[in-house]
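Hi everyone, thanks for making time for this.

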Amino acid sequence: MCVAVIIFGYPKQKGESYIVYLGGINPELEASQIKDSHFEFLGSLLGRADESMIYSYNKQFNGFAALLDEEDAAKLAEHPDVVSVIQNKGRKLHTTRSWDFLKLQNKGVVGSSSLWRKARFGENIIIANLDTGAWPESKSFNDTGYGPIPSKWKGGCYNQTLVPCNNKLIGAKYYNKGYQASNGMLMKHSMNTARDHEGHGSHTLSTAGGNIVPGVSINGIRTGTAKGGSPRARVAAYKVCWPPGLLGGTCDDADIIKGFESAIHDGVDVISVSLGGPPGDYMNDGLAIASFHAVKKGVTVVFSAGNDGPIPGSVTNVAPWVITVGASTIDREFQSFVNLASGLKLKGLSLSKTLPHSDYYPLMNAANAKAENATMADASLCTQGALDPKKVRGKILVCLRGGNDRVDKGTQAKLAGAAGMILCNAETNGDEIIADPHVLPATHITYADGLRLYAYLNSTNEPLGYITHPEAAINIKPAPFMASFSSRGPNSITPEILKPDITAPGVNIIAAYSEDPKPVFPYNIDSGTSMACPHVAGVVGLLKSVHPDWSPSAIKSAIMTTANIQDNRGNPMLDETKTEASPFSRGAGDIDPNRAMNPGLVYDLTVNDYLDFLCTRGYSNTMIQKFSDQPYQCPENNSILDFNYPSITVHKLNGTATVTRRLTNVGPPGTYTVRVKSPDGISVDVKPNILVFEKKGEVQKFELTMKADGTSVIRDHVFGELIWSNGKHYHVRSPIVVSVA
């Protein structure tokens, strides 16, 4: 049904890419037998298999990816052995350097903390990254001082000659058959390796588990020490993302799922995934299915929340068995000021080179520099072809954020002959400014300062200004606050589950990079929930080395219930508009690794609990049994209100709702007392209000009964919190979210 399309000189194959999911693995069958059954199954229904099959998934879950037309896909979906047939989705990396919207090392996360000191010998932890690969020669992946590879490791490196692995970078594989089936074959043979040619994969992998590397600099600006969240962990790269294709995404579901299967089979402990697309129903979301099978094997999966903020309901990767991470700022900046001839001084951020001389330069609003056939709107955004070089040459150009990405604006300004660029936030972006290594001297200022700058440009016929050399500044206040791009709740698939779960540093993060792009930056700065995700993955690695017996859900609970909801001034965390950040933006709060090491109590979940959750979503016993690969029966009187999640959400409260939770003691014996901050207009009654734990591993149950108390009119969502405290240092906090019917 599809015409062949030429991409990179090679034709796209006929048909569309689909994932055919058949459930769990039969442990009595070998992988080769399962693979043969896939070819037989596809061939018996379609009369062909070899030319249609893309991948057979036969090691950790049962399914395959194939090229199908709509009629064939529909035929397969009706087969009783098939759980779901999922049309391929093109996913995107969650970095703001890849796209933008109109809208020193990291203290407290990867600093020299007590958690890191306690886990400093955690070389048995293996962190996998599904991304654009890795640059193996980076100092972040050097294996000096590392012992032998853990015996549990089954993985390895594809094409060791082109991508040499070692005792630090112990895995490097690539998967692109799904991408090529949808977009055409990659013409460059060099692309058929796990080497990172884009930079995103090296950045995220080194953020999660890179070595301690002192003396890092960008454009001659010293930026401090680079250090991964789990700096002694072994790391493995699974390259599943490629140049942008026909679907708009760079990462194909079929390849991502193959990367998941390979990582689980190879023996990783943590999987970090900084990519995503629109969320979907769990049984029709290949990433949700693959991540479930990882968690089932004890592997913690961490996803980025997406970069579509601050739009409500934009959060993605919302399966309850994964950790979904939003992005916040840190207390370090690389400041580059705009000094105006009027005497006004505006703070910006940059990692760009300095202007060639210290005299004032003429300034120009990019809207006034439009090319003859361009619109004023495109010129103001400094888009390709919109600027007139005769007007721009030698000036510092003032560009508006939005449309094309930030670095591209500087590129267009330089191509037009500009001496420098000042990037001004749109109103949606508020105070969120980002230090980029632009191709020309440049700086990035807030929306409020942008208004001041535009007012100055309009006040004189000869506006003049200068951009100062970037310098590092620390202890910036307030920090952290939410990044405007960080995707927001509520959860569009299951409103009863709060997403994102947690927030972590994702703005102006410095980490290893690909040395293939020009100019070469062995270390580079980047922003996005892509950068926040591996911070959490690194902390997960530390926690697994300190608490090897903790389940993925216990680790998630420890991270969520110990998170910070205040900034470094002691005030509530803010969003980009300087208003208090809600759980829909920050989740449970900003990650605090040291406190997560000793949470006191955790909300634990088993695989069966997740199956019970799927029952509440209306899936049949038959479907869930195939999904779980074990006998299963949906329990009677099963309610999503009793799903033991670390956050508490009541969607469409009508009358009275009772929520049940179970807490497991992972600390010493103790007595915990509850404290509740009730959401506006909601009464909350907790029974019992005191829990006594006499030993480690003991489980206690409590109930919250909520109802509208009539004190205020609830038009949207209202927020509160529940805290269990033993009066000493254990404070187990859960956000409460309520909407009314």
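Let me start with a question: is Phe61 buried or exposed? Phe61 is buried, with a relative accessible area of 2%; buried here means under 20% relative accessible area, exposed over 50%, and partly exposed in between, with a 1.4 Å probe and protein chains only.

Before going on, a word on the model: it is predicted, local features need pLDDT of at least 70, side-chain atom pairs count only at pLDDT 80 or more, and totals for chains, interfaces and linings use all residues. Residues are numbered from 1 along each chain as its sequence is written, and side-chain values use heavy atoms, with hydrogens and water left out.

Now, the rings. Rings of Phe, Tyr and Trp (its six-membered ring) pair if their centres lie within 6.5 Å; planes under 30 degrees apart are stacked, over 60 edge-to-face, and the rest tilted. That rule gives 22 aromatic pairs. One of them joins Tyr57 and Phe61, a tilted pair at 5.9 Å centre to centre with 45 degrees between the planes. Tyr57 is buried too, with a relative accessible area of 1%.

Next, Tyr158 and Tyr174: their ring centres are 5.8 Å apart and their planes at 90 degrees, so this pair is edge-to-face. Tyr158 lies in the loop between strand 8 (126-131) and strand 9 (169-174), and Tyr174 in strand 9, so the pair ties together parts 16 residues apart in sequence. Helices (H or I, at least four residues) and strands (E, at least two) are DSSP runs, numbered from the N terminus. Tyr158 is partly exposed at 32% relative accessibility, and Tyr174 is partly exposed at 22%.

There is also a cluster linked by ring pairs, with Tyr21, Trp321 and Tyr645 among its members.

Charges over rings come next, where NZ of Lys or CZ of Arg must be within 6 Å of the ring centre and within 35 degrees of the ring normal. The charged end of Arg232 sits over the ring of Tyr146, 4.0 Å from its centre. For Lys345 over Phe337, that distance is 4.7 Å.

On to the cysteines. With a disulfide defined as a pair of cysteine sulfur atoms within 2.5 Å, the count is 4. Cys241 and Cys251 are joined at 2.1 Å, S to S, and the link is right-handed, with 110 degrees about the S-S bond. Cys241 is in the loop between strand 12 (234-239) and strand 13, while Cys251 is in strand 13, so the pair ties together parts 10 residues apart in sequence. Both of these cysteines are buried.

Cys382 and Cys399 form another disulfide, at 1.9 Å, and with -80 degrees about the S-S bond this link is left-handed.

What about Cys424? Its sulfur is 8.3 Å from the closest cysteine sulfur, in Cys399, which is too far for a bond. Cys424 counts as buried, at 0% relative accessibility.

Finally, back to strand 13. An open sheet of 3 strands has the order 13-7-15, with antiparallel pairing; two strands pair if DSSP finds at least two bridges between them. Strand 13 (251-252) and strand 15 (275-276) stand at the edges with a single partner strand each, so one side of each has no neighbour in the sheet. Strand 7 (residues 90-93) pairs with strand 15 over 2 bridges, and Leu93 has Leu275 as its bridge partner there.

Thanks, happy to chat!
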